[in-house]
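Hi,

Here is the structure I promised to pass on.

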Amino acid sequence: MGKYKVCVYAICKNEEQFVDRWVDSMKEADEIYVLDTGSTDKTVKKLKKRGVHVKKKKIQPWRFDIARNASLDLVPEDTDICVCTDLDEVFDSGWREALENLWNENITRVRYNYIWSFDDNGNPAVNFYIEKIHIRNHYQWTHPVHEVLACDIEENAITTDLITLKHYPDKTKSRGSYLPLLELSVKESPNDDRNMHYLGREYMYYQRWNDCIDTLIRHLQLPTATWRDERAASMRFIARSYSALKRYDEARMWLDKAINEAPYLRDAYVERMILEYKLENWEAVLQYGSMALQITTHQKSYINEVFSWDYTIYDLMSLGYYYTGHIDQALEYVQLALSMDPSNEHLLSNKRIIEDYKNNT
């Protein structure tokens, strides 16, 4: 027993494949509580066998916030620290000890390291802070999807890198409910900038380009939309939509806006590279690639694009140099790209083409 009573809580549905791995990670807590929202597989049986407290309840109509609050309601009132996770997530071992060493009676919430996705080589690809560790009372989940914790007292949150949660999702699972829930979320809270941004992004995923553009312009016009990273992301997504509509001048305009909004982020420069590559404007590819590479600080944010920090810049720089006749530089950059992804067939093929060209001229 530790200094504090620590309880994990979660929601789940048809996640039997994750049960043992998840419980092995969460068992550092004193108790684990799960709300099952309608599993038809062996999830509930496996959880109970591992000593997890499980309650079954169908949430109709489905909303993530209502389900999360129902799972939080399972946690005893005398709990000091609540830890909300999903069954496809795993803590690095020792998280309980690290949490107790950080905690004091004045803290209400903890922000900690979250690795949302990994690249093909097992390295973190998207990494940011989340804040789903909190005191038992005064917190409630809100919003039908992309739900967040709302607090009715003054918060005292701390941030740590000593606790890391890793996400290993089932990539076959549908996210088809997200769009209608986001539309509902914006309808319920039309001035919530976060929801508006997510809705516009979702329209982009569905290739509803004009809806994406209109929604993200609404996001940018909201008085509370002040986080420059997210504003720049909305501008990039607007640019992607214009590019898909073959309105390339407008795409460039919005990428320029994104660069001006958050010049310390690589993403807009790399998106401009990708656009110019698509249009075979090789000098511009090199220009924006060089600018991107001047940014060496990788912000810990969900806004970051994987392509800004993997081999993509070096790949495009190599092509830019190849098509402008700078073969030595083309070879140098394709080798840099391969140092990040040595078995990539596209890069290996490019390297062979560049080497053959060099050897025959």
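Of the 361 residues in the protein, 51% count as buried, where buried means under 20% relative accessible area, exposed means over 50% and partly exposed is in between (1.4 Å probe, protein chains only). Keep in mind that this is a predicted model, so local features need pLDDT of at least 70 and side-chain atom pairs count only at pLDDT 80 or more, while totals for chains, interfaces and linings use all residues. Residues are numbered from 1 along each chain as its sequence is written, and side-chain values use heavy atoms, with hydrogens and water left out.

The overall picture: the protein has 14 helices and ten strands. These are DSSP runs numbered from the N terminus, with helices being H or I of at least four residues and strands E of at least two. The C-alpha atoms fill a box of roughly 75 × 45 × 40 Å along the principal axes. Among contacts (heavy atoms within 4.5 Å) with a separation of 6 or more, 67% are accounted for by residues 24 or more positions apart.

Now the inside. In soluble globular proteins, nonpolar side chains tend to be buried together. The largest nonpolar core here has 111 residues; such a core is a set of buried Ala, Val, Leu, Ile, Met, Phe, Trp, Tyr and Cys residues joined through side-chain atoms within 4.5 Å. The members that touch the most others are Tyr9, Trp22, Leu47, Val83, Trp95 and Leu99. If you click on Leu99, you'll find that it touches Val6, Ile81, Val83, Val110, Ile133 and Ile163, leaving out residues up to four places away in sequence.

Next, two helices to look at together. H8 (228–244) is mostly covered, with 14 of its 17 residues buried. H8 reaches 24 Å from its first C-alpha to its last, close to the 24 Å expected at 1.5 Å a residue (the expected span is 1.5 Å times one less than the number of residues). H9 (248–261) has 14 residues and reaches 20 Å, again close to its expected 20 Å. In H9, the buried residues are Ala251, Arg252, Trp254, Leu255, Ala258, Ile259 and Glu261, and they pack against H7 (209–221), H8, H10 (267–278) and H11 (282–293).

Ile217 lies in H7 and counts as partly exposed because its relative accessibility is 26%. Leaving aside neighbours within four places in sequence, Ile217 is in contact with Ile238 and Trp254. Ile217 and Ile238 are 21 residues apart in sequence and 8.1 Å apart in space, C-alpha to C-alpha.

On a 1 Å grid over the protein atoms alone, a cavity is a set of points where a 1.4 Å probe fits but cannot get out, a pocket is an open set with protein on both sides within 12 Å along at least five of seven lines, and lining residues have an atom within 4 Å of a point. Points are joined across faces, edges and corners, and a volume is the space filled by probe spheres set on them.

The largest cavity is lined by Asp229, Ala232, Ala233, Arg236, Ala258, Ala262, Leu265, Asp267, Ala268 and Ile303. H8 and H10 are the elements that give two or more residues to that lining, and H8 gives the most, with four. By class, the lining has seven nonpolar, no polar and three charged residues. Here Ala, Val, Leu, Ile, Met, Phe, Trp, Tyr, Cys and Pro count as nonpolar, Asp, Glu, Lys and Arg as charged, and the others, Gly among them, as polar.

The second largest pocket has about 390 Å³ of space. Of its 20 lining residues, Asp119, Pro124, Val306, Trp309 and Asp310 are the closest to the centre. Strand S7 (residues 124–134) gives the largest share of this lining, four residues.

Most residues other than glycine have a negative phi, and most peptide bonds are trans.

- The peptide bond from Gln60 to Pro61 is cis, with omega near -10 degrees. Pro61 lies in the loop between S3 (53–56) and H3 (64–72).
- His146 is not a glycine, yet has a positive phi of about 50 degrees. His146 sits in the loop between S8 (139–142) and S9 (148–151), and counts as buried because its relative accessibility is 17%.
- Lys246 follows H8 and has a positive phi, near 65 degrees. Lys246 counts as exposed, at 60% relative accessibility.

Cheers
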